[in-house]
Amino acid sequence: MQFEERALSFDCGGDCLFGVASVPAQPAERGVVVVVGGPQYRGGSHRQFTLLARHLAAQGIAVLRFDYRGMGDAEGEQRDFEMVAEDLRSAIGQFQATVPAVREVVLWGLCDGASAALFYAAHDARVQGVVLLNPWVRTEGGLAKATLKHYYRDRLLQPALWKKIFTGQFNYGAALRSFTGLLGAASGKPAPQHAAAAPTAAPSSPPPVVHAEPKPRISDPDLPPLPGRMHDSLAAFQGKVLLILSGADLTAQEFRDAVKASRPWQKLLAAPRVTHRELAQADHTFSRRAWRDQVADWTGEWMRSW
C-alpha cells in the first residue's frame, strides 16, 4: 500500500516535540506509537524505528515515531523512561488528530521504551495493546546474576579468551576482582570498592534511575522494586501484549530470570492475551536485517490477529 510521511510538531507542557507519522493511503483503525528508549531519538539504532514504521505503513498500519522532551530535536529537559507519561499522552493526541482513522493505539517499545510503554498503558483508554521488546527490569542483583549465569558461560566458549590465556595477556587479577564483585551483588552483599564494573547489557541501555513518583504496591513482595512495578503495571493493563525477546542479549536474559523467579510474573505472562516470540541469535537492538524484518513481520501479523 502507498503511504506518505508527515513531519509533525506539537506541544507538551510548553515544550515543542517533533515526530514523523507514516500514513497509509487507507489507514487501519489501529495504529502504532513508537516509544523510544533512552538516550535515543525517533530514528532508532541503525534506523530501526524508521524502517519499522515504513514496513507497517506499507501494510496499512499508521505509525508515529517522535522525540520526547530532552531527546533528539525536542525541547525541554532530558528525562528518563519513568517520566514520559505526559509526552506519550500528547503524542497519541497529535497522532489521532493527524490520522483521524486511528481509534486504537498500540505502544511499541524496546528496552526502557518497553518499560515506559507498560507504565503508561493502563492509564489511557486509547491504548489497546503493547509490544515489548527486551523489557528493562534492571537491578544491581539481577544484572549480577544474569552476568554470572549467561555472560561468563558464553565467554568461556570464545576463542579470543583462550588466546589471551595462552599468550599470557589475560589479566587474572582484574577478572577475579570482577567475578568476586558480581558474586557479592548477586547475593545481595555490597561489592568490594576495588571490584570492576560488570559488563553492560548493551551500549544503548540506560543507567538505573530513582523513580520520583510514589511507587505502587508490589503484588509479589519477593520482587525487587522495578520488576515488581513492571508486573503490577502489566496486571493493571487489560489489553493485548506482544513480548519479543532476543536470545543474545543480557537485558532479555535478566527479564527471563526475573520471570522465572516469580510465580505471579509467570501466571501473568501465561494469559491468553500475551503472545510470545523469541529470536535465538538476535542481539539487543535486532541489528541485522533479517532480525529487524522478522520483528516487523511479527508486529504486523499480531496487530491484524485481533
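**Strand pairing and aromatic rings**

Me: Which residue of strand 7 stands opposite V130?
Reply: This is a predicted model: local features need pLDDT of at least 70, side-chain atom pairs count only at pLDDT 80 or more, and totals for chains, interfaces and linings use all residues. Numbering runs from 1 along each chain as its sequence is written, and side-chain values use heavy atoms, leaving out hydrogens and water. Strands are DSSP runs of E with at least two residues, and helices are runs of H or I with at least four, both numbered from the N terminus. In strand 7, the residue opposite V130 is V241.

Me: How many bridges join strand 6 to strand 7?
Reply: Two strands pair if DSSP finds at least two bridges between them. Strand 6 covers residues 127-133 and runs parallel to strand 7. The bridges joining them number five.

Me: What is the bridge partner of L243 in strand 8?
Reply: Strand 8 spans residues 274-279 and pairs with strand 7 in the parallel sense, over six bridges. The partner of L243 there is H276.

Me: How many of the seven residues of strand 7 are buried?
Reply: Buried means under 20% relative accessible area, exposed over 50%, and partly exposed in between (1.4 Å probe, protein chains only). Strand 7, residues 240-246, is mostly covered. Its buried residues number six.

Me: What is the angle between the planes of F10 and F66?
Reply: Phe, Tyr and Trp rings (for Trp, the six-membered one) pair with centres within 6.5 Å; planes under 30 degrees apart are stacked, over 60 edge-to-face, the rest tilted. F10 and F66 make a tilted one, 6.2 Å centre to centre, with a plane angle of 55°.

Me: Why is the pair of F49 and W108 edge-to-face?
Reply: F49 is buried at 2% relative accessibility, and W108 is buried at 1%. Their ring centres lie 5.9 Å apart. The pair is edge-to-face because the planes stand at 80°.

Me: Where does the charged end of R30 sit?
Reply: A charge sits over a ring if NZ of Lys or CZ of Arg is within 6 Å of the ring centre and within 35 degrees of the ring normal. For R30 the distance to the centre is 3.6 Å, and the ring is that of W306.

Me: Over which residues does pLDDT stay under 50?
Reply: pLDDT is the predictor's confidence in each residue, from 0 to 100. The chain mean is 84, and 73% of residues reach 70 or more. Where pLDDT is low, the predicted coordinates should not be read in detail. The stretch under 50 is residues 190-216.

Definitions and conventions
Contact = heavy atoms within 4.5 Å.
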